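Here are my notes on this one, as numbered points. Have the structure open while you read.

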Amino acid sequence: MNSGMRSSKAEAVSTIDGHTMIITLSGDIDHHSAKRIRGQIDSDLFIKRPKRAVLDMSAVEFMDSAGLGLILGRIACAEKIGCRLTLLSPSPQVMKILDLAGAGRFIEIKQK
Amino acid sequence: MTNTETIEKKRSGRPPENIRNEIRIELPSSSVNEGIARSVSSVFVSQLDPTFEELSDIKCAVSEAVTNAIVHGYRDKRGIVYITIKILDERTVRIEVRDKGCGIDDIKTAMQPLYTTDPEGERSGMGFTVMESFMDRLTVVSKPGSGTKVTMVKTLGNPKRTFK
Ligand SMILES: Nc1ncnc2c1ncn2[C@@H]1O[C@H](COP(=O)(O)OP(=O)(O)OP(=O)(O)O)[C@@H](O)[C@H]1O
Ligand SMILES: [Mg+2]
């Protein structure tokens, strides 16, 4: 964690746990980083083709509407391969943005 | 023809203009500068001793406005994004983000939640909605062909946390 003065590099790391793929997002998710993160998640999803995927948001330090676009896009992408996506532990700041878009209607959001 | 749209919460009158401090930033329209703009705003606004939530809200609103200038205003062209942040009174910050890009024809429609002219870019169309709900006042002035100016004002809540 940094103090918020500096933007930190966004990353997406995937691991497999049984039939579930766990994708851990970290850092600052904005328009600049979203494209790279999107490519990484999609290639992991298409190669492993899991039945379920969890997007762990707990290490995301910043997210704006580009992150919303990223999440909505990944829901669509997961659906294409018959995979159900869940969001895990978004911070209160990230939750504020998710709530603005009514994201709870499109995706299950769980806390750790 | 210049278009304007203002959305205001909280107070109705404009705060008295008493600029306590000011910073001007000019950044090329490259996406790496979205994070730079957030960081600089964060450092500058920190002199008001904002809460973590207030600072997060301001960073997010700045990110939205700067990203819009880069993505929509200038599209793939090069241009300069002009950012001015003013500390108005002990607790009020005003942020202006300006571009000399393509401008917006219909601001009212552009500001609607979920409205985007770029669905292929995986955009949610929530940028203006974020700016509007995270700040107290949002004004968008635009002239098609000449550019767009987004002005956002936020008054921080805790009267004990004031400009020193
Ligand atoms: N600076 C600008 N110059 C030109 N057009 C703009 C500018 N800012 C916004 N717009 C227009 O307003 C629309 C809505 O902007 P908004 O930020 O709400 O959504 P978005 O940028 O399309 O998606 P998101 O912000 O969720 O990624 C944009 O799609 C674009 O057409
Ligand atoms: Mg936007």
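**Notes on the A/B interface and a helix pair**

1. The rule picks out 6 salt bridges across the interface of chain B and chain A, a salt bridge being a side-chain nitrogen of Lys or Arg within 4 Å of a carboxyl oxygen of Asp or Glu. One pairs the side chains of D30(A) and R38(B), at 2.9 Å, N to O.

2. Before going on: this is a predicted model, where local features need pLDDT of at least 70, side-chain atom pairs count only at pLDDT 80 or more, and totals for chains, interfaces and linings use all residues. Residues are numbered from 1 along each chain as its sequence is written, chains are lettered from A and ligands numbered from 1 in the order in which they are written, and side-chain values use heavy atoms, with hydrogens and water left out.

3. In contact terms (heavy atoms within 4.5 Å), 29 residues of chain B touch 24 of chain A. About 2,100 Å² gets buried between the two chains, 55% of it on carbon and sulfur atoms; that is accessible area (1.4 Å probe) lost on being put together, summed over both parts.

4. Now for a helix pair inside chain B. Helices α2(B) (residues 52–73) and α4(B) (residues 127–134) pack at about 145°, axes 9 Å apart. Helices here are DSSP runs (H or I, at least four residues), numbered from the N terminus; axes are lines fitted to C-alpha atoms over the stretch in contact, with angles from 0 to 180 degrees between N-to-C directions.

5. Who meets whom? From α2(B), residues including C60(B), A61(B) and E64(B) meet a set in α4(B) that includes F128(B), M131(B) and F134(B).

Key. Helices (H or I, at least four residues) and strands (E, at least two) are DSSP runs, numbered from the N terminus.
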